[in-house]
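Dear colleague,

I am passing on the structure we discussed, together with my notes on its side-chain contacts and surface patches. Please read them with the model open beside you.

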Amino acid sequence: MNRHRSLFCTLLSLSLVLIPASAQARLQSQVSDIIGPGVNHPERQWQSFETPHFQVHYYQGFANFARQAAEVSEAGLARLTADLGVSLPHKIPLIITEDQFWNGYAEPLRTRIVLDPRFALEPTIGLRRFLLHELTHILNFLAVETPTALSRLIKSAGLPSWFAEGLAQYEAEYWAPEMDRMLRMHVLEDSLLTPAARNAFILLGERGGDGYNEGYALVRYLFDTYGHHLLKELLANYQHQNISFEQAIALTFGKPLLQLEAEWRDHQARVAAEHIQHRQASLPTAKSRIPYQKGQTWYQPKASPDGKWWAYQLGSGYPTVRGYIYGLLPLYLASASTLSDYGQSVKAHQNKADTPATAPTETSDSSLLSNLRHRHGQDSADHEPEPAKKIGHELSRQALDFAWRPDSKALAYTTLKPNANGNSTFKVQVQALKVVNDSLQADGTAVELDPAHSTHSAAWLPDGQSILAVTESDGRDHIDRYDAHTGERMERLYSAADNQQLRALAVSPDGQQLAFESHLTDGMTHLMLKSLEGAPGSTEARLLTRPGQGQMDRQPVWAADGQSLYFISTRTGFADLHRLELNNKQMMRLSQVYSGLDTPGLSPDGQQLHFVRHHAYGTSLEQVPLQHLKAYEQYPESFPETQTLLPPPFLPPLSDKLDFSPQNYIPWLAPDLFVPVIGRDEVSDQIGFLAQFSDLLDQQALSLLLLYGIGSQRIGFNTAYINRMFDTSFGIEIGDMPTLSFTTDGSQFFIQRDQSLSLFAARPLFNEGSGDTAATRVARFATLELNISRQSNLTTELNGTISQRQLREGFNNSLSLSFSDNQARGRKEGYSYSLNLSGGSWLWGSEYSFIASNAEWRQYIPTWGNQTLAYYVAGSAMTGETRPALLGGPPLNNLLVLNFQNIIPLRGFRLAELQGPLMLASNIEYRVPLIPGLYLNLGDHYLKNLELAAYVDIGDAWYPAQRGAFPHIGSGLELRSDVILNRRNPFQLYFGAGKALLGSGSNYLTQRPVEFYGGFISVF
């Protein structure tokens, strides 16, 4: 069975479990400095408290956040249970951990909620929205559960993704203008998800933001149109009737789901037509610096103060969270002339220019969508130009925000880095720049602000010697001034109130005033102004704007004269450009667009305004002369009458009725899973069960597999325990199971009885940090294992015909050390490799002495048109009494509970046809997407995309005493498609044909037929 070994090891760290706690912490810190941080975090002091309906678990630094989360959960529970028609059978665990960086989830089996405290306080999501979203999932799981075993898992798996996520948003969130914009742009470009893609959008990948948005919109349409009371009825029908979810929809609404979806599409087309009737696609006289290219996201363009360079963020795809661009994108630098030339080349390639939209013609509903598609077709690029990332130099792989130094010779940017414990955090780095071969590149090592705390949103003071940034410490945000050369904090200028987040700092041209965004959790985003004059330490700031609930005033930019601010506001229901005059307190709206504007900025001469414009699948960069802007609407006396911050209306104050007295967390084991399983032994079938246990925080886990052989009447079992309470994970596994094996000369395969005891330890090695993001993900692991194994032959027809030494009966103990490193991004780019060294010796009680080494390398090289060149190299070298390496056949996976040796594929040849203590194999593939946009609905199952791979395999496994190595070559084609089974289980379906072209036998080209094969597997 699969062991829980995905995180761990090194022999040095295993000794930590025997060291007293006081010395252990010091040693762990020293070990981490040398070999990198771990993932278990023994430094965390977990505590818990209970409320009437929740068990809240947290560690040091998050006590106040935990109490606020408990209050929000209790306050929202009554409405959710009433809406869904369900009650809580027990208290729900709520786990607060930084390990889920910008993420969170709800589990159907353990009915627990896990959330990241940082993301829960971000303006794009908010604490209430985040918590009640996940709580709705838990209640939804409970609402469809029946008394049947595993019904909660089975019934929840039958819910399509659009409904499960759409319902969570419908119950927990508000419909924001940016959500409207996403939906509107897809309607106008006729690019809404297909029903099949929407049903399983989470596992189907690239358009996750669209899936959430459309699911929310469809759920909202159904229950706002036909009645909110039908929600409870729908869940009850699905729970009590032995029918599918689609049948429950038809029973509840009296219409099939496809008809309801068609109604929803027509409704969205009418809404989109209404939205654009009196609005334009962009500012009337705006020109595209970089036209729209499908799948390209340009973000935060900023010209250097001397006008020679541009800094910008660029990403493939369209990464959005609740309609807002997910700002962790690569940061590039390009010369102004290069960027201009690139924009012109894209325009020439597309052979068309952006034009303002005209009002739609009044048509019948049936022709409305085709009319919109015809009118907005110019927004889609028909051909992909040269990759945009080639035109600029990448300064940072992941940046959140950035600012030019006034002399254009340095850039301060926020990037993602691990803290001392390996958790992801934001850090402002100040990077000096130099010109190298007509490109602007880093000059020396970046200076990091305040290494002890998270920092972001840098803004330079005019002298270029000091820099302002938001510092996160003591559970709140602060605005601090730093020495740009040393990174040391010089003074604190402002401290945020409770539940207030700060960002987007903007210093006035004269350096006397600071404007910034102030976000109240689940409230609104408004602009504030602080004077930078006067005595050091002054922490007063005043409100500039106060939009309505759920609205945002954001991204302030100073005019060249310092007398007004440009910013983006959603107070009209659209993301429009606004200007605020500071002297006469007048605010005016300067745009009337339906596509949504983002990240405005001024040219160095202060005469041009550039901005990001949204499209269905990405963004474009545009600019307009300031003199061409006109006021569409004015707001007199826009300054708030009161300067006090109002508490967010959805966040209740901490109650004195709840007991927040914490207790130390105790990692009690509780059942997670109990499922029946089947297997095989040497006689017949086996039946049994698999049970898994763990504590809520996954600090320890226990699994038990028990099988009974119907014919052999023998009990087989495997039980494993793993402990993650220390810096290094360690575990023990005990088993008595039948396994498939080969004799040492490779002549016979047989089933043997394997009675084993394994002790293993594992740890990440030499990683920059832990967490779930690409910048700090754990890629390198080392594992040390001691296996004590006694084996005996179960295949009776071999008894007496093959020697015991060939069968390796008796004690077969081994000690192994492995190391792996995965730097690949999916199966499209990057590399991965693994190394393993194992041996048997009398020193650890083995009756057989051997040394075996294995290594493999995988590389993925993107070419053009989303095509990929991939290759794989593997090798084994063994000496002594060891079983041979096995080579031959197609990719193989173990679908039964019967273990076997690893068999390296060699397509076109028979399974395990080649054996020997020496093995070398390689594979090269060229992968071409045939139908990249395929979403084929097969009931509850889906096929996504279709890929063709042409391959050549070459390799050999041999006994040096019998013959030398010979290149066995096979070639063929494979068709592959991503498959979603039962809407939840991802696989890759493959079907191939391979032909052996060259082998060690005679007439290899004529005697071997084409081998056809197929199956479900994750191929390399």
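Serine 282 sits in the loop that runs between helix 14 (257-276) and strand 6 (287-290), where helices (H or I, at least four residues) and strands (E, at least two) are DSSP runs numbered from the N terminus. With a relative accessibility of 7%, serine 282 counts as buried, the classes being buried under 20% relative accessible area, exposed over 50% and partly exposed in between (1.4 Å probe, protein chains only). Its side chain makes a polar contact of 2.7 Å with that of glutamate 622; such a contact is a pair of N or O atoms within 3.5 Å, of which, within protein, one must be able to donate a hydrogen and the other to accept it, and residues adjacent in sequence count only if both atoms are side-chain atoms.

This is a predicted model, in which local features need pLDDT of at least 70 and side-chain atom pairs count only at pLDDT 80 or more, while totals for chains, interfaces and linings use all residues. Residues are numbered from 1 along each chain as its sequence is written, and side-chain values use heavy atoms, with hydrogens and water left out.

The structure holds 44 salt bridges, each defined as a side-chain nitrogen of Lys or Arg within 4 Å of a carboxyl oxygen of Asp or Glu. In one of them, arginine 112 pairs with aspartate 698, with 3.3 Å between the closest N and O atoms. Arginine 112 belongs to strand 5 (residues 112-115) and aspartate 698 to the loop between strand 35 (685-694) and strand 36, so the pair ties together parts that are 586 residues apart in sequence. Arginine 112 is buried at 3% relative accessible area, whereas aspartate 698 is partly exposed at 28%.

Another salt bridge joins arginine 907 and aspartate 953 (2.9 Å, N to O). This pair links distant parts of the chain, 46 residues apart, with arginine 907 in the loop between strand 48 (903-904) and strand 49 (914-916) and aspartate 953 in strand 52 (residues 941-958). Both residues are buried, and both belong to a network of salt bridges that also includes Lys828, Glu925 and Arg976.

On the surface, Ile678, Ile687, Leu706, Tyr708, Ile710 and Ile715 form a nonpolar patch with about 550 Å² of accessible area together. Patches are made of residues with over 30% relative accessible area and no salt bridge, like charges being joined within 9 Å and nonpolar side chains (Val, Leu, Ile, Met, Phe, Trp, Tyr) within 5 Å; accessible areas come from the Shrake-Rupley method with a 1.4 Å probe, and for residues only the protein chains shown count as cover. Isoleucine 710 lies in the loop between strand 36 (700-709) and strand 37 (715-723).
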